[in-house]
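Let's take a walk through this fold, from the whole chain down to a few residues. Have the viewer open as you read.

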Amino acid sequence: MKDNLLDNISPLAFMLSNSSTPLVIAGPCSAESFDQTLETAKQLKSIGISVFRAGLWKPRTLPSSFEGVGVNGLEWLNAVKQETGMRVATEVATREHVEAVIDAGIDVLWIGARTCTNPFAVQEIADAVKGHDDISVLVKNPVNPDLDLWIGAMQRIVNAGITMVGAILRGFSYYGNNYYRNVPEWQLAIELHRRYPHLPIFCDPSHMGGKRELIAPLSQQAIDMGLDGLFIESHCNPSEALSDKDQQVTPDELKAIINSLIIRDKSENTENLDMLRRQIDACDNELLNILSKRMNVCRMIGAYKKEKAMQVVQTDRYDTILQRCINEADKLGLSTKFLKTIMSAVHQESVRQQIEIMNSGS
Ligand code: PEP
Ligand code: MN
């Protein structure tokens, strides 16, 4: 079947400037009041931001959280357009949202991570935007790392006749505590770029990191990966924000972050090599994350063994682990010799960690 996404992408209207810096879309997680929306927008405009984001309908995990001001905020976004000349963007999840934002003259819609996981909802949005080809639609990755689901969502939008489509990598959620609120999994964006070289890809370091300190390093990584733009949460008074307060920065802080970014020269012809190297870096980060997770579990086992006065090393258990890993590794094309070297180092460190726990005071 013909892949519409391959042939029908045009640059987003607001990306047509020839600037060498990545395009930054910024604004508060939520529009909360007329004053907060306008004030944030004016400050962002003054630091050179030309596209303003603000959520009106907020997909919150718990029903007791602030769920957005809904249609009331459309007027405020309109005031931002009138008073600052910025383009405005908001999230949609239903046909009613799309109809309301189109009536209000919003320039950019985005489909959130939770909505992207649901093809019925995405199709409903696609049907509602049909015929409005002056609008840009950005599609966040689904919450689970399923590249085809993400691509399918964008294909639905393109099938509805929209050509100004872009993707936003905002990371993926996993069970348990992670360093990132949503694990980046950069390789999905890299693969998306490989398959669709003309598709603009943004990074949302705010939802990825979940903490304001991670916005700068994640933005730098996104630039190093060659992504086209950043989608960043900024609020005139982050500590009072009604949603996502830990990951929002003031417009001044955003300015400092943008100024700190090192822009890479894309013109050199080693792009393919660089891209592969960035994949290696991303794999190494994942490897480190997994090793740290494994050691945490080992320490929990150490505490259990200590409580039950068990000995640290159970040779049978190690033999079972090793055999299972050798079988699995073989299926993945990894040699037994290599696997044994790795597992022996991992096992040694696990034993060391457990001994440390067993001999610790508490
Ligand atoms: C947002 O951008 O405010 C948002 C809700 O994002 P996500 O869909 O990535 O969670
Ligand atoms: Mn948010």
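What follows goes from overall layout to surface to single residues.

This is a predicted model, where local features need pLDDT of at least 70, side-chain atom pairs count only at pLDDT 80 or more, and totals for chains, interfaces and linings use all residues. Residues are numbered from 1 along each chain as its sequence is written, chains are lettered from A and ligands numbered from 1 in the order in which they are written, and side-chain values use heavy atoms, leaving out hydrogens and water.

Start with the big picture: the chain has 14 helices and eight strands (DSSP runs, H or I of at least four residues for helices and E of at least two for strands, numbered from the N terminus). Its C-alpha atoms fill a box of roughly 70 × 50 × 40 Å along the principal axes. Of the 362 residues, 47% are buried; buried means under 20% relative accessible area, exposed over 50%, and partly exposed in between (1.4 Å probe, protein chains only). Take the contacts (heavy atoms within 4.5 Å) with a separation of 6 or more: residues 24 or more positions apart account for 75% of them.

Now zoom in on N289, which sits in helix α12, residues 271-307. N289 is partly exposed, at 26% relative accessible area.

Last stop, L332: look in the loop between α13 (315-331) and α14 (336-358). L332 is exposed, with a relative accessible area of 67%.
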